[in-house]
Amino acid sequence: MNERNHAFLSAHPFEFVICSIHTGDGLDFYNGAFFKGKTQKEAYQRYFEICLETVENYEDYDIFGHLDYIIRYGGFRERRYVYEDHKETIEKILKTIIQKGKGIEINTSGLRYGLGMVHPTLDIMKAYKRLGGKIVTFGSDAHFVKDYYAGFDETIALLKEAGFDEIAVYEKRKPTFFKI
Ligand SMILES: [Fe+2]
């Protein structure tokens, strides 16, 4: 997989490469297969472990996408997680991302999907800042032009609350920073 991705990425002049996880242990989040036989907390913990295994073993990307978006899936009544329950794994993920010179995406799609939150949450953004994280890009997963900037004002406010005062935009795989 790594070699195939590397060959593909090297063959095209991408501006920006995002690493996003949409399945785990060969099972789909979207159709619920990943959640079978797991409690909500167990499923979320396994998801974060998979993210950690990924950032530890994979480097052909610039930005890690929508960390914590697992809460969209699984059909649970409360689509929330307790930061403290997964803190150790999440902070290892963030430290690895920072150490390897990568960044994270803050993704506004949760606001459109009725979750009332962006991915990742303020808890993660604060931890990322505290651990020395500097690179944050904006994403919206928009499929329509009207959604492209939806929630950006709210997200900028949240980023400021977490202690950030700039966001990154990538060109030719290099970030340029803009004040917010
Ligand atoms: Fe994604």
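Hi everyone. Two strands count as paired if DSSP finds at least two bridges between them. Keep that in mind, because it is the cut-off behind every strand pair I name. What you see above is a predicted model.

With that rule, look at the end of the chain. Strands E7 and E8 are joined by 6 bridges and run antiparallel. Ala168 stands opposite Phe177 in E8. Further along, Glu171 has Lys174 of E8 as its bridge partner.

What lies between the strands of this hairpin? There are 2 residues there, and Lys172 takes a positive phi near 50 degrees. Why mention it? Most residues other than glycine have a negative phi.

Is Lys172 buried or exposed? Lys172 is exposed, because it has 8 other C-beta atoms within 10 Å. Arg173 has 13 C-beta neighbours inside 10 Å, so Arg173 counts as partly exposed.

Now let's zoom out. The protein chain has 6 helices and 8 strands. Read from the N terminus, the order is α-β-β-β-α-β-α-β-α-α-β-α-β-β. The C-alpha trace spans about 45 × 40 × 35 Å along its principal axes. How does the radius of gyration agree with a compact globule? For 180 residues, such a globule would have a value near 16 Å, and the protein chain has 16 Å, so the two agree.

Here is another way to picture the fold. Take contacts in the protein chain between residues at least 6 apart in sequence: 75% of them join residues at least 24 apart. As for burial, 31% of the 180 residues count as buried.

Next, the open sheet. The sheet has 4 strands in the order E1-E4-E5-E6, with parallel pairing. Which strands are at the edges? They are E1, residues 18-19, and E6, and each pairs on one side only. Inside the sheet, E4 and E5 pair in the parallel sense over 2 bridges. There, Phe64 stands opposite Ile104 in E5.

Those two residues lead us to the core. The largest nonpolar core has 37 residues, and the members that touch the most others are Phe48, Cys51, Phe64, Ile93, Ile104 and Val136. Several elements give two or more residues to this core, including helix H2 (40-57), helix H3 (83-99), helix H5 (122-130) and strand E7 (166-171). Which element gives the largest share? That is H2, with 7 residues.

Let's stay with Ile104 for a moment. What does Ile104 touch, if we leave aside its neighbours within four places in sequence? Its contacts are Ile63, Phe64, Leu67, Ile97, Tyr128, Gly133 and Val136.

H3 bends by about 40 degrees at Thr89. Which residues of H3 are buried? They are His86, Ile90, Ile93, Leu94 and Ile97. The cover over these buried residues includes H2, E4, E5 and H5. After H3 comes Gly101, with a positive phi near 75 degrees.

Two last stops. His119 and Pro120 are joined by a cis peptide bond, with omega about 0 degrees. Pro120 lies in the loop between helix H4 (109-112) and H5. For background, most peptide bonds are trans.

The second stop is at the start of the chain. His6 is found in helix H1, residues 2-10. Because His6 has 13 C-beta neighbours inside 10 Å, it counts as partly exposed. How far is His6 from Glu59? The two are 53 residues apart along the chain, and their C-alpha atoms are separated by 9.4 Å.

Note on methods
Residues numbered from 1 in each chain as written. Predicted model: local features only at pLDDT ≥ 70, side-chain atom pairs only at ≥ 80, totals over all residues. Core = buried A, V, L, I, M, F, W, Y, C linked by C-beta atoms within 7 Å. Buried ≥ 20, exposed ≤ 12 C-beta atoms within 10 Å, placed from the backbone. Contact = placed C-beta atoms within 7 Å. Rg over C-alpha atoms; globule rule 2.2 N^0.38 Å. Bend = angle between axes of the 7 residues up to and from the residue.
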